[in-house]
Amino acid sequence: MLSRLVLRAAPAALRALPPPPVAVGVLHATRQLHTTQQSLAPLPPLPEKGGEVRHGLIPEEFFQFLYPKTGVTGPYMLGTGLVLYLLSKEIYVVNHETVAALCILSVIIYGVKRFGPDVAAFADKLNEEKMAKALAVKNEAIEGLQAAIEEEKKEQWRVEGRSYLFDAKRNNVAMLLEANYRERLMMVYNEVKKRLDYQVAMQTLKRQKEQDHMIQWVEKNVIQSITPQQQKESIAKCILDLKALSKGAHAAV
Amino acid sequence: MNLSFFDQFMSPSLLGIPLILISMLFPTLLYPSPNSRWITNRLLTLQSWFLHLITKQLMTPLTKKGHKWALILSSLMIFLLTINLLGLLPYTFTPTTQLSMNLALAFPLWLATLLTGLRNQPSASLGHLLPEGTPTPLIPALILIETTSLLIRPLALGVRLTANLTAGHLLIQLISTATTVLLPIMPAVSLLTLSILLLLTILEVAVAMIQAYVFVLLLSLYLQENI
C-alpha cells in the first residue's frame with residue numbers, strides 16, 4: 001500500500017523537481033526545493049475506488065508487472081512454486097497452528113464476503129446522511145429566500161393597487177357624505193311639513209269652531225222663537241201626514 | 001518450527017530486548033488518524049462511528065464529572081478489542097494473556113476510581129459497602145464481605161481477562177493439535193474435531209470482543225459508584 005502511494009506520488013514529485021541544467025558553463029545556481037505552492041485547501045479529491053486487488057491480497061499491479069515476461073499464469077506459478085518450496089523444505093512446518101490458521105482464516109473470509117457489502121453500504125449511508133443534512137440546510141435556506149422573494153413581489157403588486165384602494169375609499173367617503181346630506185334634507189322637509197300641518201290644523205279647527213258656534217246660535221234662536229201655538233199646529237199637521245202615509249202604505253200592501 | 005503449547009504465552013524477546021512493547025503498540029498502526037476532510041473514506045467513517053458509539057455507550061450513565069474519563073476508557077476499549085482480535089491470528093502473541101499487563105491496567109484504574117470516590121464523597125462511597133435493608137445483626141459480617149469484594153476487584157478484572165483469553169487460546173491449540181494428530185489415523189473424527197474447532201473459533205472471536213467490553217464496562221461501573 002505504501003509502495004502504491006510512492007508510485008502515485010512519483011510523477012508529481014518528479015515534475016516538482018527542477019529540470020536538469022542544460023546549459024554547460026553557466027554558473028550553477030542554488031536548486032529550488034519548493035517549486036509548487038503547498039496549499040491545504042482545496043484538497044484534492046479522494047480517489048473513488050481503492051486500488052484493484054486480486055484475491056483480496058495481491059495488488060493488480062503485480063500481475064501487470066509480471067505479464068510481459070510470464071503471461072497470465074506467471075504470478076500463479078510463482079505463488080504455487082513458493083508455497084510448495086516452503087512446504088517441501090519444511091521452511092514452513094505444518095503443525096497445529098496451521099489448522100487453527102485455516103479455521104480463523106475461513107471465519108474471516110466468510111465474514112468479509114458475507115458482511116462486506118453491507119458494511120460498505122452502511123459507511124456510505126453515514127456519509128450520505130452527513131451530506132444530506134448539510135444540503136438540507138442549504139436547500140432550506142434557498143427555499144426560505146425564494147419564498148421571501150415571492151412575498152416581496154406580492155407586496156410590490158399590492159402597492160400597485162394602491163390607487164384602487166384610494167378610489168374606493170374616496171367613493172366610500174362621498175357616499176357617506178351624500179347619505180348624510182340626504183338624511184338632513186329629509187329632516188328639514190319633515191320639520192317644515194310638521195309646522196305647516198300645524199298651521200293648517202289650527203285653521204281647520206278655528207273654522208270648525210266658528211261653524212259649530214254659529215249652528216248652535218241659530219238653533220238656540222229658532223228653538224226660542226217657536227211659540228207654543230206653532231208647536232200645537234205642527235204636531236197636528238204631523239199626525240195628519242202620518243195617517244195619510246199609513247193609508248197609502250195599507251193600499252200598497 | 002516445533003511449538004509446545006505454552007510458547008504462545010511466553011513474552012517475546014529478541015536478543016534480550018523485550019518485544020512486548022512493540023506488540024502493544026501495534027494496534028495503533030492499524031487505525032488511520034482522522035484527516036481534515038469532511039467526508040472521509042469508508043474505513044475512517046466506520047472508525048469514527050464506532051468510537052462515537054462506544055463513547056456514548058460508556059458516558060451516558062455517568063455525570064458530567066465522569067466525562068473526564070471518556071478518553072481513557074474509549075482508548076482502553078479499542079486497545080483491548082484490537083489486541084484480543086489480533087491474537088486469534090496464527091503465530092501471534094496476545095499481550096492480554098499476560099497477567100502482568102492486565103493487572104497493570106486494572107489496578108491503577110480501579111484505584112483511581114476508589115480514590116476519587118474517597119476523596120470527593122467519602123461517606124457516599126463508603127456507604128456502598130453496606131447494601132440497603134440488611135438486618136442489623138448481619139451488618140459487621142456484611143461490611144467485611146463487601147470490603148473484601150471491593151479489594152478483590154482489580155484482581156478480578158485482571159484475572160478475568162487473562163483467564164478467558166489464555167483458556168481460549170489454549171483450547172484452540174489443543175483442539176487443533178487433536179485434529180492434526182487424528183488426521184492420518186481417523187480422518188472422520190478429525191473432521192468432526194475440525195468442525196468443533198470452527199465453532200470454537202467463532203466463540204473465541206465473540207469472547208475477545210466481550211471480554212474487552214466487560215473490562216471497560218466494569219471500570220465505568222466502578223466509576224459511576226464513586227464519581
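**Close-ups of a two-chain model**

**View 1. Polar contacts link chain B to chain A.** Across the interface of chain B and chain A, 10 residue pairs are in polar contact, counting pairs where both residues have pLDDT 80 or more. Keep in mind that this is a predicted model. On the side of chain B that touches chain A, the elements giving two or more residues are α2 (42-59), α6 (139-185) and α7 of chain B. Sorted by class, that side of chain B has 16 nonpolar, 11 polar and 2 charged residues.

View 2. D124(A) and R42(B) meet in a salt bridge. Here two side chains come together, one from each chain, at 2.9 Å from N to O. Chain B brings 29 residues into contact with 28 residues of chain A. Together the two chains bury about 2,700 Å² between them, and carbon and sulfur atoms give 70% of that area. Which three residues supply more than any other three of the area that chain B buries against chain A? They're R37(B), W38(B) and Y91(B), with 23%.

**View 3. T113(B) sits in helix α4 of chain B.** That helix covers residues 99-120. Is T113(B) buried or exposed? T113(B) counts as buried because its relative accessibility is 1%, and the cut-off for buried is under 20%. Leaving aside neighbours within four places in sequence, T113(B) is in contact with W69(B), L219(B), Y222(B), L223(B) and N226(B).

**View 4. N226(B) reaches over to T113(B).** Apart from neighbours within four places in sequence, N226(B) is in contact with T113(B), L114(B), T116(B), G117(B), Q121(B) and S125(B).

**View 5. Helix α6 of chain A is hardly covered.** This helix runs over residues 228-252, which makes 25 residues. From its first C-alpha to its last, α6(A) reaches 36 Å, close to the 36 Å expected at 1.5 Å a residue. How many of the 25 residues of α6(A) are buried? The count is 0.

Technical notes:
Residues numbered from 1 in each chain as written. Chains lettered and ligands numbered in written order. Heavy atoms only, no water. Helix = DSSP H or I, 4+ residues; strand = E, 2+ residues; numbered from the N terminus. Buried < 20%, exposed > 50% of the residue type's maximum accessible area, 1.4 Å probe, protein only. Contact = heavy atoms within 4.5 Å. Expected span 1.5 Å × (residues − 1). Polar contact = N/O pair within 3.5 Å; in protein donor to acceptor, adjacent residues only side chain to side chain. Buried area = accessible area lost by both parts, 1.4 Å probe. Salt bridge = Lys/Arg side-chain N within 4 Å of Asp/Glu carboxyl O. Nonpolar A, V, L, I, M, F, W, Y, C, P; charged D, E, K, R; others polar.
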